[in-house]
Structures are given as C-alpha cells and as structure tokens.
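Dear colleague,

Please find below the sequence and structure that I am handing over to you. My notes on what was found follow directly after.

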Amino acid sequence: MDGIQFVVIMMLIPALAGALPAWNVQPANFTSAVQGENITLKWEYNVDGTFSHAQFSDLKDGGKEKTVAAKSSESGNVVVASDYQERFFVSISDSQTTIKILRAQKADFGKYKLEVINRNLATINSVVKVSVHYPPANTVLTVFPDRSEVLGGSVLYEKCSTDANPSPHIFLLYFNGNFIRNSSSGEFNVTVDSDGVYTCAPINTVGSGDNASFSVTIFGKPIIASEPKNVTALVGEATSLRCLAHGSPPLAITWARHGVGNGSDLLFQSAKFSDSGWYRCVAKNAHGVSFSSLAYLDVTDSASTFINGRMTITNKNFDKSLENPASARYQTIKKQFVEAVEVVFKSDGAFHSTDVTRFDRNGRKGTLNIYFVLTFKEAVRTDRKIALLKIAASDGKLGVLDVDPASVMAIRETEEPVLECNLGCRPSHSIESLACSCENKIFGAVIGVLVFIIIGLLIYIFFLRKRSEIESKERSCEMVKVETQPRPPSYEITLTGVKQVEIQAECTVAEESVGETPEIEADAEPIDT
C-alpha cells in the first residue's frame, strides 16, 4: 500500500465531531501565467482544530480526478504523486494549502481542485482554472489549390493556423521575405505573378513563434508586374522608363519602339526631342508573349521639378502685415492658398508640395498678388501644370479665395527657388527641401573676393591716371607763367598778348579742377600798332 492509497482510506474513517470547515482565502477562479513562469495557488481555511485531511487533484482529463498531492492528520506528511514531483511544490497544514507550479508549461493548462475534510467528514471544495499563455507553435500554412506550380496570374487562397494561447491577434504574410499584407483571421487571397515563397507569421500577446511557408512556381506566359509610367524629361538630361515582368525562365524583356532597349530599364543618357513618343515593354518566354500598357516619354525644354508662379487674389487687400511672414494674416492667407492648391493636385502623383514666397501690391484696390512655388517629385511640363491651376480657377474661385483666372501664370523671377542661400550657393533640385546645397560655397566666395579686388584695382588705376593728368597740367601752367613774365616793350606785340591770355585761362581751369583758385593778373590789352 503506497502513501496515496493510505490517505484515501483515511478519508473514509469517521472522525471526532467538530465545526464545519470554511474558506478564508481562495485563489482567483481563473489564474494565468506566461509559459516558463511560476504559478502560485494559495488557500486559507478554518476547521476549528478538527482538520482531518486535504487532497489536491488534477481535473484536466475530462473532469476525472487525478490525485496530485494529499495529507492526512494521521500521517502528518504531504505525499506528492510521482508524475508531479518534478515541478509541483505542495505545502499543506491545518489552516492553509499552497501549491506552486514551477516553470509553467502548456500541459499545465486546465482545472484543479482542493478538497478539505474535518474529523466530522464535513467537506469544502475549491476549483480553480489555470491558464498558461504561450506564443504560436506548430504553425501550418494551407494553400488552395494545393500545388506548387500555378498559372501566372492565378489567385491562391491561403489559411494560416497555429497553436497559441491566447489566440493570435494578427497574422503577417510575407513574399520572398518582404511584407505584403496582414489579416486578423489568418486568411489571405493572393495573386501569383512570380516565383517565390509565401510565409505566414502569427503573433499573439506573448509574441511571435513558429512560422509556416509555402513555395510556388508559375508557368505560362509572362506577367507584367509593374507597368511603365509616363515620364517628362528635360532635353539633354538622363531619364529612363521601367517595366517589371515575371515568368518562368528564360524570360526576355524588350521595348517596342524602334526596337530599342533590352531589360526592365530603358535608359536615355541624354534625352533628345526625337526620343519623345509612346513606348511599351514586351516580355517573352517559352509559353508566350505579354505586352505592357503604353507609356509616353515627353522630352521638353521647359520641364522642371519646380514652378514659380503668380496670381491675383481679388477678395483680399494688401497691407503692411503681408510684408511680415510671421504675421497672423500672412499665415492665414498662405494656409488658405496651400490647402486650395493641394486639392487641385490631389490626384497628381508627381505633385509634392506648394509654398507662398511673398505677397505684393496690385494696381486694383482690394486685390493683391500672391507669388508661389510648386514642387514636384519629377520633372514636369510647366505649361501643363499652370493650365491645371487656370482650369481650377476658371470660375473665379480657388478654395475660399477669389482669384482672377487670367492672372494665373508661371514667372521666371528666379532661376530656382532659393531659401537661405549663402554666397556662392547653388540651389538644390531636391524636392525634400528648397534649401541650398552649397557644395560650391568656397568656390563662390573666392570668385566674389577676386571680383572685389579687380574692381578696387580698376578704381585705383583710374585715380592714378587722373592724378597724373592733373600734375601734368600743373607743370604746363608753371612753364606758361614763367614764359609770360613781363618783357621789354619792344617784344610785346598784340598777337602774343592774346596768346598769353588764352594760355593763362587754360591754366586757371586746370588749377580750379584740383580745388585751387590762384590769382590771375589782369588780361593784357592788345597794343595798338
């Protein structure tokens, strides 16, 4: 007879009369823990000194009781069944029982019962449910139709299932390692357009666990996975058209226009006007040929990633507050304009943003000019984008603003939008910011200094020459004064006297040009002969 059988027999022996036992403390009816953590269950009871025995049982097997541990007042020892001795620590006394489950496992999930009996065979029972949380395990990805080779463009139904507690709240689906979508039910419908591996990754509150994968190979003619898009390019710049196709190898991609280009990318190192036109890619393998949709390459000399523009607002007047970008009125009108323009270009995939550069007076009372810049993710035709704004404002309204449709125009007030540029900066073409990318700042600064020095030298040379001319005239005047000193009467003739007067006048003018005013003797009168 082992210890467990002995305790069970003792439960059948009548005991001395006593009070009915009662619970003082019981564990929560639903107790949970994460896999690997310890679970503690504790009961406190009052049997008024008449404790007979207690038994802790496992009810996981369809409600059938399987004794885990027991203690009798006769033996005084706690006996734990061999199947539970490794991880169940049991302490039973006359007033309390503590069960500690070490390193909880999925197998510990279920119901347990503690039964306490006094010597009068009065019994109290407590049933508690233990829940062990664990991450997804044994994940399976079921695919219909269940075959690894499928026709290109086929739709597959995929169901991801797993063992987890609690159940996964989200399932992530990857293709060749790249996330493509998620589902709360674990069900997916996917269109197969290339060879690869689908992987399902379930996640619950504990975390992620096992994943499941399924490989597919397509057959049949190629699938155009990414159609080429219309491109606007500036003449002389490099540009390209791109087309992606999938299919069983060998797969060849060519471009149908003049038979030019091979591969997914059609490159133009220096776009020419003659390159403008419609293009499509052709994908071919052993099963057939597939054609992409048409894409237009527009080569122009007026394409840019930004457009400077101006329009007249007819329901706002200009005042000093609009000269200050920080003023509330400046910001209010700017916000109204930006919101209206964003609505116009909402469906334009190339559009990036717009901004107001300044406000200006208009000749008409109650109106003002607004200057703006449109930025795009790629080069666009200026005339086409301005035409869109004109159409949007054709009824005289742009959002909450009243505008003159005829005033909407592109301007060339600056070559590029410049914000906070320093000397020598070349404005950036980046659409992420219009700030200067001052790669050539030092070069520009050096050029500026050289220009300043050259101008200074020219001014210095000019003044040197001017001074030299003045000094030359002064020396000439001194010589004239010496030569025109009074001579004996026999040498003074009328003709000479007239000559002397002219020379003296010329010297006087030269002396006045340097700020001097010398005294000049009275003109000699001509001698009568």
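I begin with Glu65, which counts as partly exposed because its relative accessibility is 46%; buried here means under 20% relative accessible area, exposed over 50%, and partly exposed in between, computed with a 1.4 Å probe on protein chains only. Please note that this is a predicted model, in which local features need pLDDT of at least 70 and side-chain atom pairs count only at pLDDT 80 or more, while totals for chains, interfaces and linings use all residues. Residues are numbered from 1 along each chain as its sequence is written, and side-chain values use heavy atoms, with hydrogens and water left out.

Salt bridges

Glu65 forms a salt bridge with Lys113, and the closest N and O atoms of the pair are 2.4 Å apart. The term denotes a side-chain nitrogen of Lys or Arg within 4 Å of a carboxyl oxygen of Asp or Glu. Glu65 belongs to strand β5 (residues 64–72) and Lys113 to strand β9 (residues 110–118), so the contact ties together parts that are 48 residues apart in sequence. Helices (H or I, at least four residues) and strands (E, at least two) are DSSP runs, numbered from the N terminus. Lys113 is buried, with a relative accessible area of 11%. A search of the whole structure finds 18 salt bridges.

Since Arg384 lies in helix α3 (residues 382–392) and Asp298 in strand β27, the pair ties together parts that are 86 residues apart in sequence. Arg384 is partly exposed, with a relative accessible area of 47%. Together with Asp383, the residues Asp298, Arg381 and Arg384 are linked in a network of salt bridges.

Strands and sheets

Strand β7 (residues 88–92) has a covered face made up of Phe88, Val90 and Ile92, and an uncovered one with Phe89 and Ser91. Strands β7 and β8 (residues 96–101) run antiparallel and are joined by five bridges; two strands pair if DSSP finds at least two bridges between them. Ile92 stands opposite Thr97 in β8.

Elsewhere, five strands form an open sheet with mixed pairing, in the order β11-β17-β16-β13-β14. Its edge strands, β11 (149–151) and β14 (178–183), each pair on one side only. Strand β13 (residues 170–175) pairs with β14 in the antiparallel sense over five bridges, and Leu172 stands opposite Asn182 in β14.

A loop position

Which residue lies in the loop between β32 (401–402) and β33 (409–410)? That residue is Ala406, and it counts as exposed because its relative accessibility is 60%. Ala406 and Gly396 are ten residues apart along the chain, and their C-alpha atoms are separated by 9.5 Å.

Yours sincerely
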